[in-house]
Amino acid sequence: KAEAERMLQELKKQEEADLREAEGEEEEDLEAAKFKKKEDAKLAKEVKQAAEAGGSADPFVPLLSCPRGKEVWAILSQHYGITEDFPTTQLLVSSVSCANVAYVSSEVASLVSAFPSLKPLAAGVRLFVRSSNTLRGNGSKDSVEGAEASSVKCRICGSAGARILAPYMKKQLAVIPRSAFMTLLKHPRPYQLEDLEALGIRETFETLLKNHDFVMGCDEDSASPIYLPAYKGHKTIKILLKTRESESLH
């Protein structure tokens, strides 16, 4: 019960932090924050019920070992065009849900696989988090092959998640010149898609799906590339960063 109470407190703190972060994002992403709040409340209830029954919260386990693991990864990899050489063995999830995916080192992944008795309650860098947007493989209404009528509600999480995924992505990735990158980074509000023509980058963004997140990168620093999470709405794009994080990159 003490462990469950501790987890409830951690969930509450994380919920508050995520909602504060969402205040700086566009209205479409505020809907994602509301969805996450609802899902966290559901998870907290399950943790409490498990404690009252004498059990414990579900630990992190390898994604592909979960009942929906392969199905979820098929959807994510097709939607973002993630290449086959991505180290999927380094992905962990809570068995309660496959929407929150964590990325860990190869050493940690090997340890968790070799010793099933280990029950980590927190792990690695958050790669994907719950979102109100529904992903169905390629982003259309059609299901991915081998995952009929299935979907997952999540998006790439933060700059850390973007940096890890970008080298493996073939879709939902926009790499632009540094000058244009800095212009978008410094813009205080969502940038109008029609104004991208003046920056010479409109065609780059035309291939991205609307009402979905994507990763934006700068193509002039190959030694230490910058990749950031962003969102494309019907008429605008916005980098999904906290104000202080954005200012540190100026």
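View 1. Gln172 counts as buried at 5% relative accessibility, where buried means under 20% relative accessible area, exposed over 50% and partly exposed in between (1.4 Å probe, protein chains only). Its backbone stands out too: phi of Gln172 is near 55 degrees, a positive value in a residue that isn't glycine. You'll find Gln172 in the loop between α5 (158-165) and β6 (173-176); helices (H or I, at least four residues) and strands (E, at least two) are DSSP runs, numbered from the N terminus. A quick note on the source: this is a predicted model, so local features need pLDDT of at least 70 and side-chain atom pairs count only at pLDDT 80 or more, while totals for chains, interfaces and linings use all residues. Residues are numbered from 1 along each chain as its sequence is written, and side-chain values use heavy atoms, with hydrogens and water left out.

**View 2. Asn211, a partly exposed loop residue with positive phi.** Asn211 sits in the loop between α8 (202-206) and β8 (212-218). Phi of Asn211 is near 60 degrees, again a positive value in a non-glycine residue. What about its cover? Asn211 is partly exposed, with a relative accessible area of 23%.

**View 3. The whole chain, for orientation.** The protein chain has nine helices and 10 strands. Buried residues make up 44% of its 250 residues. Take contacts (heavy atoms within 4.5 Å) between residues at least 6 apart in sequence: 68% of them join residues at least 24 apart. The accessible surface comes to about 13500 Å², with 49% of that belonging to carbon and sulfur atoms; areas come from the Shrake-Rupley method with a 1.4 Å probe, and for residues only the protein chains shown count as cover.

**View 4. The largest nonpolar core, around Leu76.** A nonpolar core is a set of buried Ala, Val, Leu, Ile, Met, Phe, Trp, Tyr and Cys residues joined through side-chain atoms within 4.5 Å. The largest one has 28 residues, and Leu76, Phe86 and Phe128 touch the most other members. At least two residues each come from α3 (69-80), β2 (91-94), β3 (101-103), β4 (125-135), β5 (152-156) and α5. Helix α3 supplies the largest share, five residues. Setting aside neighbours within four places in sequence, Leu76 is in contact with Ile82, Phe128, Leu135, Val152 and Cys154. There's also a second, separate core of 21 residues, including Met182, Tyr191, Phe214 and Ala230.

**View 5. Two salt bridges.** The structure holds two of these, each a side-chain nitrogen of Lys or Arg within 4 Å of a carboxyl oxygen of Asp or Glu. Glu71 is partly exposed at 25% relative accessibility, and Arg68 is partly exposed at 33%. The other joins Arg202 and Glu206 at 3.1 Å, N to O. Both of those residues lie in helix α8, four residues apart, or about one turn of the helix. Arg202 comes in at 32% relative accessibility and Glu206 at 47%, which makes Glu206 partly exposed.

**View 6. A nonpolar patch on the surface.** Leu111, Phe115 and Leu118 form this patch, with about 280 Å² of accessible area together. Patches are made of residues with over 30% relative accessible area and no salt bridge; like charges are joined within 9 Å, and nonpolar side chains (Val, Leu, Ile, Met, Phe, Trp, Tyr) within 5 Å. Leu111 is found in helix α4 (residues 106-114) and is partly exposed, with a relative accessible area of 45%.
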